[in-house]
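Here are my notes for a colleague opening this entry for the first time. Please keep the sequence and the model side by side while reading.

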Amino acid sequence: MPTVMLRNNAAGQLVFYVTKKDHEETVIALEHLGPGVWGGEMQLSDGSRFYLEPLDQPPKLPLTVRVKRL
Amino acid sequence: MSMNRQETEQLIQEVLEVYPEATGKQRAKHLMANDSSLEKSNKCIVANKKALPGVMTARGCAYAGAKGVVWGPVKDVLNISHGPVGCGQFSRAGRRNYVTGHSGVNIFNDINFTSDFQEKDVVFGGDKKLAKLISELDGLFPLAKGVTIQSECPIGLIGDDIEAVAKKSAKEIGKVVVPVRCEGFRGVSQSLGHHVANDSLRDWVLHGRDDDQSFEATPYDVAITGDYNIGGDAWSSRILLEEIGLRVIAQWSGDGSIPEMQTTRHAKLNLLHCYRSMNYISRHMEEKYGIPWLEYNFFGPTKIAESLRKIAAFFDDTIKENAERVIAKYQPTMDAIVAKYRPRLEGKRVLLFVGGLRPRHVIGAYEDLGMEVIGAGYEFAHNDDYDRTFKELQDGALIYDDATSFELESFVERLKPDLIGSGIKEKYVFHKMGIPFRQMHSWDYSGPYHGYDGFAIFARDMDMTINNPCWQKLKAPWQRAGAETLQAVA
């Protein structure tokens with residue numbers, strides 16, 4: 001269950017940043033993009049997949065969350 | 001004359017041959033030929049890994065990163081080197097991070113405060129001594145705005161509770177007391193020390209004035225982060241930002257202070273120079289206070305103009321116009337500098353091996369002078385630094401992560417660069433090899449190199465190093481070309 005920070009980069013892409021590892025990847029696919037539900041399974045640019053407990057609405061980014069490795 | 005990718009890869013192979021098989025395999029992952037089309041580095045270079053036993057590399061420890069780099073330049077705190085006396089003494093006032101004020105009165109950077117651990121402190125614990133030390137310091141230096149406890153290795157080993165002491169002492173003296181868990185054995189390099197120091201700033205300092213609304217903010221407030229004012233770098237950056245109409249409300253941490261850091265939350269934009277050592281706190285401020293951050297580069301006129309425009313784009317039209325005006329104002333001066341030094345430096349080849357941002361940041365400045373960076377490497381970078389390096393460096397250039405002294409020397413022997421930029425540990429080795437050398441950590445006791453003013457000094461320094469007549473005196477007269485005629489005359 002890594003703690004990651006989600007933020008938008010200058011190009012408007014969602015960026016997934018693992019604080020502990022200084023590792024930054026862009027999110028290329030997110031399961032639920034709202035409205036009503038935001039989160040779920042996410043696919044990163046390096047091919048790895050994570051699961052974020054869906055939130056009720058799109059959050060104000062950046063946001064630190066715990067995600068599960070799939 | 002630069003090498004293409006195959007030639008560079010071949011060079012790497014040849015240099016690696018000396019190593020035992022396992023070591024060679026490990027080291028091969030840290031060396032590569034640049035491919036500027038790459039976006040991500042994690043597939044092609046391994047970074048931020050422990051150096052192998054048996055080889056000598058140029059890294060520091062977590063204490064060096066926290067006390068030396070991040071906390072050291074803060075002018076109004078008393079940085080206690082908590083542990084044996086050596087760490088503090090040998091890292092004292094050597095980094096040339098300039099500050100304004102009166103030493104021992106309102107600035108304390110050049111003084112070594114230490115708890116001077118003895119055997120009995122290791123056996124019985126040093127917490128009592130630390131608490132006593134903090135209250136004594138408060139009596140001696142009443143104008144200090146805070147105290148930091150920079151742990152050295154023994155503190156972590158004996159398990160002292162410096163956090164508890166910090167909380168208690170903070171109440172007692174009514175100032176910020178920051179425990180920094182930067183024991184030297186943590187992590188693989190000073191890079192972890194930066195992170196630890198950033199986290200201590202986040203947890204113990206940053207929110208100190210969140211309830212205080214007396215600060216009068218303007219829409220043009222910015223903070224400089226990751227500039228340590230080496231030789232006055234932050235000042236020569238700051239005047240440029242002020243010239244385009246921005247107000248610099250905080251400097252992290254060169255010539256910075258605790259009150260500045262606590263009012264940084266009013267900034268509209270965090271300007272991040274050294275990404276490696278301060279991205280952590282910038283990211284945190286973005287999340288907590290909604291302050292965006294922007295990486296910029298103030299080395300060399302091309303990059304300065306680019307960065308000023310990028311910064312101005314965050315603000316309204318007046319700032320944008322000001323930026324253009326400032327760029328135009330300095331252009332003739334810069335053209336004159338380039339016209340003076342470029343003919344003397346054109347085509348010279350540079351090899352860099354520095355810390356966390358300079359191997360990529362100074363490339364633009366060298367290119368402005370017509371020089372060519374043929375190899376660059378970091379002592380303690382992470383993969384995100386290499387992501388940012390590929391685009392700056394020419395194709396086929398050599399990249400080395402945490403290079404060992406053997407590798408560095410072999411690369412220099414083979415590539416024969418005209419200038420090497422690295423640190424004090426490398427300096428005299430390469431001097432003895434007869435190659436011009438500049439220290440790119442401390443600017444070789446010169447500087448500043450940031451900003452337009454800095455570029456003038458940068459160009460002069462590079463010229464006086466490379467074109468120094470001493471390099472022609474390394475060979476004895478009878479070994480030089482044309483020696484036969486001399487003998488014939490005799």
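How far apart do the C-alpha centres of domain 1 of chain B and domain 3 of chain B lie? The two centres are 29 Å apart.

1. Ground rules. This is a predicted model, where local features need pLDDT of at least 70, side-chain atom pairs count only at pLDDT 80 or more, and totals for chains, interfaces and linings use all residues. Residues are numbered from 1 along each chain as its sequence is written, while chains are lettered from A and ligands numbered from 1 in the order in which they are written.

2. Domains. Chain B splits into domain 1 (1–59 + 346–490), domain 2 (62–208) and domain 3 (221–325). These bounds come from an automatic or database domain assignment.

3. Domain 1 against domain 3. In chain B, domain 1 gives 21 residues to this contact and domain 3 gives 20. Residues are in contact if their C-beta atoms, placed from the backbone, lie within 7 Å. On the domain 1 side, helix H16 (363–368) and helix H20 (451–466) of chain B are the elements that give two or more residues. Helices are DSSP runs (H or I, at least four residues), numbered from the N terminus. H20(B) has the largest share, 5 residues. By class, the domain 1 side has 9 nonpolar, 9 polar and 3 charged residues. Here Ala, Val, Leu, Ile, Met, Phe, Trp, Tyr, Cys and Pro count as nonpolar, Asp, Glu, Lys and Arg as charged, and the others, Gly among them, as polar.

4. Chain B against chain A. This contact takes 7 residues from chain B and 9 residues from chain A. Helix H12 (275–289) and helix H17 (383–390) of chain B each give two or more residues. The largest share of the chain B side, 3 residues, is from H12(B). That side has no nonpolar, 3 polar and 4 charged residues.

5. A helix pair. Helix H3 (residues 62–71) and helix H9 (residues 190–204) of chain B pack at about 55°, with axes 6 Å apart. Axes are lines fitted to C-alpha atoms, for helices over the stretch in contact, and angles run from 0 to 180 degrees between N-to-C directions. H3(B) and H9(B) are therefore oblique to each other; angles under 35 degrees count as roughly parallel, over 145 as roughly antiparallel, 65 to 115 as roughly perpendicular and the rest as oblique. Their contact has 10 nonpolar, 6 polar and no charged residues.

6. One residue. B:Asp199 is in helix H9 of chain B. B:Asp199 and B:Asp368 are 169 residues apart in sequence and 37 Å apart in space, C-alpha to C-alpha.

Methods:
Contact = placed C-beta atoms within 7 Å.
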